[in-house]
Amino acid sequence: MADEHNMRRVTAIRNGTVIDHIPSGQSLKVLELLNIARDTSVPVSLVMNVPSKKMGSKDIVKVEDRELTQTELDRLALVAPDSSIAIIRAYTVAEKLEVNLGKEVRNVVQCTFSNCITQNLREPLPHRLRVTSTDPLTLRCHYCQRPQDLDELIHNLL
Amino acid sequence: MGMLGWLHRRGLEMKGLITMDDLTNEDILSILDDAARLLPVARGETYLPLLEGKILGNLFFEPSTRTRMSFETAMKRLGGDVVNLGDVKTSSVVKGETLFDTIQMVDGYTDIIAMRHPRQGAARYAQDAARVPILNGGDGAGHHPTQTMLDLFTILQSHGTLEGLSVVLAGDLRYGRTVHSLSHALVRFGCKLILASPELLRMPAEIIEDLREHGADVLETEDLLGNINDADVVYMTRIQKERFADEDEYTKVAGAYKLHARDVANVKAEMIIMHPLPRVDEIHPSVDSTRHARYFEQAFNGVVARMALLCRLLNIEVPAEIQGGEA
């Protein structure tokens, strides 16, 4: 089966987190979102643009020796809302998790509008983006109410 | 107790006025009704110290003449007092104080805050940080709801209703925060909007989207004069030179958004011309003496509308009958 074959492109991990069904080409953003790119202590495997029955093509990320928390994974909804997550313990799937954006994204990203009050990073109140629709994903800043440019937003991670 | 717990304890139950969404249509009409009864107090014919012992904090991080002065007048006509931030250049703001900290201080000194800030979203931010109600007197290119209340008061005074009017909003619709707040309120009363502006200064797409979501009848056009004859209200705004790349471009474009007395020869008799002021040359002085000009009354109405808002947000009831008041 195509999916099983894809999973074998990189070896199975003993312990850690597998993020599957990431839209093709978005896995680098996923690493960025989860701050994995900056954490050099754990092995990370990345598979890009592999065939998928469900999505045509997809990316997969495997993070070894780290179980990502639900809060961390919820950030994924910004770029990969339909991704599926498995927590692996001793080579078997111990838990399956779903990403959930909720009604508001709090302290994950900064509003993209250059004249928003939250541009001053010394201001202590939380960065808050309201989810105004999920399909397609649209977000608005709680403070300035400007709609957010999703491509730009990814560069504004906190 | 952590900061958030502290904020929570202080409570956010007393909401201010940040955008027009903070008011229902019933709220709007009842505040405007209070405003009408307060007219003799605003004119100084009757002294009614409803807000005696209350202090307004005027926090203007950006220059303002009318808004700041009318808040101050409104407070004083009702027996209240005002403290001012003063010149931003000499205040703690230049030392790098955050808005959060400034608000914490003023929140402790006052019962209500009126503010204007160059950054968009500042008023909502301040409301989240404050215990006392915040009145948004303009945040960047965002909202200016107290201006909208006085605009609605002026329209109601002239037409006797806010329902179903045909309103032309003209000039700088992109950066003009007064028209952003006003357009929201008008569509909620079923008004038809004609948005006349140069291409460069069109109403922001997200606002048009919001208006259409309310089921609004909105027409975008570059033609002002061709659209005024059927209008009940023509609301002019100032087009600023600095929005354009060069002065020639400005002169060419801005010329199409000017009104002269001869332009209003064939308009409806009861049509009114409004302007948030200051005007530069978008309304020629020849218009001042026509029956249509309302911008000076509009500016005066800033006092009475803000009096009614201050009373409402401070939970002070305006008496049903005021001596010397209108029936």
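Here is a short walk through the two chains and the places where parts touch.

Keep in mind that this is a predicted model. Let's begin with chain A. Its secondary structure comes to four helices and eight strands, and going from the N terminus the order is α-β-α-β-β-α-β-β-β-β-β-α. The radius of gyration of chain A is 17 Å, close to the 15 Å that the globule rule gives for 158 residues, so the chain is as compact as a globular protein of that length. Along the principal axes, the C-alpha atoms of chain A fill a box of roughly 50 × 30 × 20 Å. Of the 158 residues in chain A, 32% are buried. If you look at contacts in chain A between residues at least 6 apart in sequence, 65% of them join residues at least 24 apart.

Where chain A meets chain B, the contact takes 16 residues from chain A and 14 from chain B. On the chain A side, that makes nine nonpolar, five polar and two charged residues.

Now over to chain B, which is divided into domain 1 (3-144 + 300-313) and domain 2 (146-298). The centres of these two domains of chain B, taken over C-alpha atoms, are 26 Å apart. How many residues do they bring into contact with each other? Domain 1 of chain B gives 23 and domain 2 gives 22. On the domain 1 side, the elements giving two or more residues are helix H2 (25-37), strand S4 (134-139) and helix H11 (295-313) of chain B. H11(B) has the largest share of that side, with seven residues. Sorted by class, this side of domain 1 of chain B has 12 nonpolar, nine polar and two charged residues.

How values were computed. Residues numbered from 1 in each chain as written. Chains lettered and ligands numbered in written order. Predicted model: local features only at pLDDT ≥ 70, side-chain atom pairs only at ≥ 80, totals over all residues. Domains from an automatic or database assignment. Contact = placed C-beta atoms within 7 Å. Nonpolar A, V, L, I, M, F, W, Y, C, P; charged D, E, K, R; others polar. Rg over C-alpha atoms; globule rule 2.2 N^0.38 Å. Buried ≥ 20, exposed ≤ 12 C-beta atoms within 10 Å, placed from the backbone.
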